[in-house]
Amino acid sequence: MVCMSSSDKPEVVERDAKDDKNEEKGGFIEKVKDFIHDIGEKIEETIGFGKPTADVTAIHIPKINLERADIVVDVLVTNPNPIPIPLIDINYLIESDGRKLISGLIPDAGTIHAHGSETVKIPITLIYDDIKSTYNDIKPGSIIPYKIKVDLIVDVPVFGRLTIPLEKTGEIPIPYKPDIDLEKIHFERFSFEETIAVLHLKLENKNDFNLGLNGLDYEVWLSDVSIGGAELSQSATIEKNGCTTIELPITFRPKDCGSALWDMIRGRGTGYTMKGNIDVDTPFGAMKLPISKEGGTTCLKKNKGDDEDENDDERIEKERRRH
């Protein structure tokens, strides 16, 4: 007969009971976790929660001139969820060859409707003086590559806060104003009451892209005397780093300018100042570029041959004395 102490029996019984209880507890917790997971998946499938998507659909340059370029980035955001999702922040960065040109943050950027797509417009302004002062090797008239990086930060149920990174590359110009030279002034008709002339204006394009001239406005001074100006529609193509000459008609009244203008006309050459603007089309959009030159020298020509210059001088002198 085997005898067992009173202390042996409880040890065996208690050990078996603890194992059974731990197994039951562990199994229950796992079952709860599986249940919650299954319920979560079914809720997600039933309700239809998903991650939003985004794409850069276009980049516009609505305004560009010698001082700045206004850029608008169109981002199409699609929300597959049954509830609206907020755009918490938009971070953006424009760089060129790895160098930062500008960066910024747009907070509280709006809401994307449920089961919908919306185009979010991101306005960015590049200030050329800031770029040229920071990077000396970026020259006026050049075209530089750029990369736009955008991070959309959204808050989506089930998924939480998400960041959607986007990138887009392209090119942008650093515009430079054209050089001008008033090569000659061709006088068609002389009169104190009305003198008709044609300005032969040379335009030099110092940009690495073509300029499609549409129109211009200008004013001209001869020997510090304004002979007027005009606003004209004029079509011409100025090739990149090239030149073109256009003819501009002008009509003025010499009697309003004083005798100095007649003395200047008889002298056949004179100093001039010209200021204005040209309207051009470019591969990057329309631009209005200033034109100006002070202290230039031009040549005055008559409509008749050189052998008749003396008669013209006599006629001009008679006209001046008569008035």
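Ile90 has Leu152 of β6 as its bridge partner. Strands here are DSSP runs of E, at least two residues long, numbered from the N terminus. This is a predicted model, in which local features need pLDDT of at least 70, side-chain atom pairs count only at pLDDT 80 or more, and totals for chains, interfaces and linings use all residues. Residues are numbered from 1 along each chain as its sequence is written, and side-chain values use heavy atoms, with hydrogens and water left out.

**The sheet.** Strands β3 (residues 85-96) and β6 (residues 143-156) run antiparallel and are joined by 8 bridges. Two strands count as paired if DSSP finds at least two bridges between them. β3 and β6 belong to an open sheet of 4 strands, in the order β4-β3-β6-β7, with antiparallel pairing. At the edges lie β4 (99-112) and β7 (160-173), each pairing on one side only. On average, neighbouring strands of this sheet are turned by 15 degrees against each other, direction ignored. The axes are lines fitted to C-alpha atoms, and angles run from 0 to 180 degrees between N-to-C directions.

**Two buried residues.** Buried means under 20% relative accessible area, exposed over 50%, and partly exposed in between, with a 1.4 Å probe and protein chains only.

| Residue | Strand | Relative accessible area |
|---|---|---|
| Leu166 | β7 | 11% |
| Thr282 | β13 (residues 269-282) | 12% |

What does Leu166 touch, leaving aside its neighbours within four places in sequence? Its contacts (heavy atoms within 4.5 Å) are Ala54, Asp55, Val56, Val75, Ile148, Lys149, Val150 and Leu152. Val56 lies 110 residues from Leu166 along the chain, yet their C-alpha atoms are separated by 7.1 Å.

Thr282 has its own set of contacts. Leaving aside neighbours within four places in sequence, they are Phe209, Asn210, Leu211 and Met287. The side chain of Thr282 also reaches the backbone oxygen of Gly285, at 2.6 Å.

**Confidence.** pLDDT is the predictor's confidence in each residue, from 0 to 100. The chain has a mean pLDDT of 81, and 76% of its residues reach 70 or more. Where does pLDDT stay under 50? One stretch is residues 1-15, with 1 contact beyond four places in sequence. Another is residues 305-310, with 2 contacts beyond four places in sequence. Where pLDDT is low, the predicted coordinates should not be read in detail.

How values were computed:
A polar contact is a pair of N or O atoms within 3.5 Å; within protein, one must be able to donate a hydrogen and the other to accept it, and residues adjacent in sequence count only if both atoms are side-chain atoms.
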